[in-house]
Amino acid sequence: MIYVIPAVIVLVLTVSLTKRLPSYEIFIDGVEEGMKIVIGIFPPLLAVLTAAYMLRASGTLDLIISFLSPLTKLIPAEVMPLALIRPISGSGAIGILTEILNTHGADSEIGRIASVIMGSTETTFYCLCVYFAKTRVKHNLRAMPFAAAGDIVSIITAVILIKLVKI
């Protein structure tokens, strides 16, 4: 398994030498195009990550959770920060998941719910920002309600299934 990447590199170099292609120039062109993509998606990516960390650091996330707690009797309060931050930030969600698992344990009901939520949801708004920044989609707000609905369904399904399956 550790030889896969070196094998691919040798294969690409061998093919480029046999076809007499300028492999270094092609490589540099690919890197240049990759940098253009990074430059194009960096501003919206930075905005989403900054907003996620500001929500958590300012206490706004806790305020939203306390506001939603009467509406979400099904979802444990310990998992709500993960459910709210996961669609925005993957790294923030990993931090919250780590806190949950350290506090409650991986085999607890809350730990299992958090783990299933982490595995069954996506960093929706992060992905939408990256994809829409690159593709220049004009009507990107039409996708957000459906993406958010998918996350909500995933979170509720995770909670229901873990509560039904008592191990």
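Reply: Start with Ser16. Beyond its neighbours within four places in sequence, Ser16 is in contact with Leu21 and Ser23. This is a predicted model. Ser16 sits in helix H1, which covers residues 4–18. Its relative accessible area is 6%. The cut-off for buried is under 20%, so Ser16 counts as buried.

Now stay on helix H1 and turn to Val8, which also has its place there. Is Val8 buried or partly exposed? Val8 is partly exposed, because its relative accessible area is 46% and that class runs between 20% and 50%. Val8 belongs to a nonpolar surface patch of about 730 Å².

Next comes helix H2, residues 23–58. What joins the side chains of Lys36 and Glu32? They meet in a salt bridge, at 3.9 Å from N to O. A search of the whole structure finds 1 salt bridge.

How accessible are the two partners? Lys36 has a relative accessible area of 56%, so it is exposed. Glu32 is at 44% relative accessibility, so it counts as partly exposed. The cut-off for exposed is over 50%.

Notes: Residues are numbered from 1 along each chain as its sequence is written. This is a predicted model: local features need pLDDT of at least 70, side-chain atom pairs count only at pLDDT 80 or more; totals for chains, interfaces and linings use all residues. Side-chain values use heavy atoms; hydrogens and water are left out. Helices (H or I, at least four residues) and strands (E, at least two) are DSSP runs, numbered from the N terminus. Buried means under 20% relative accessible area, exposed over 50%, partly exposed in between (1.4 Å probe, protein chains only). Contact means heavy atoms within 4.5 Å. Patches are made of residues with over 30% relative accessible area and no salt bridge: like charges are joined within 9 Å, nonpolar side chains (Val, Leu, Ile, Met, Phe, Trp, Tyr) within 5 Å. Accessible areas come from the Shrake-Rupley method with a 1.4 Å probe; for residues, only the protein chains shown count as cover. A salt bridge is a side-chain nitrogen of Lys or Arg within 4 Å of a carboxyl oxygen of Asp or Glu.
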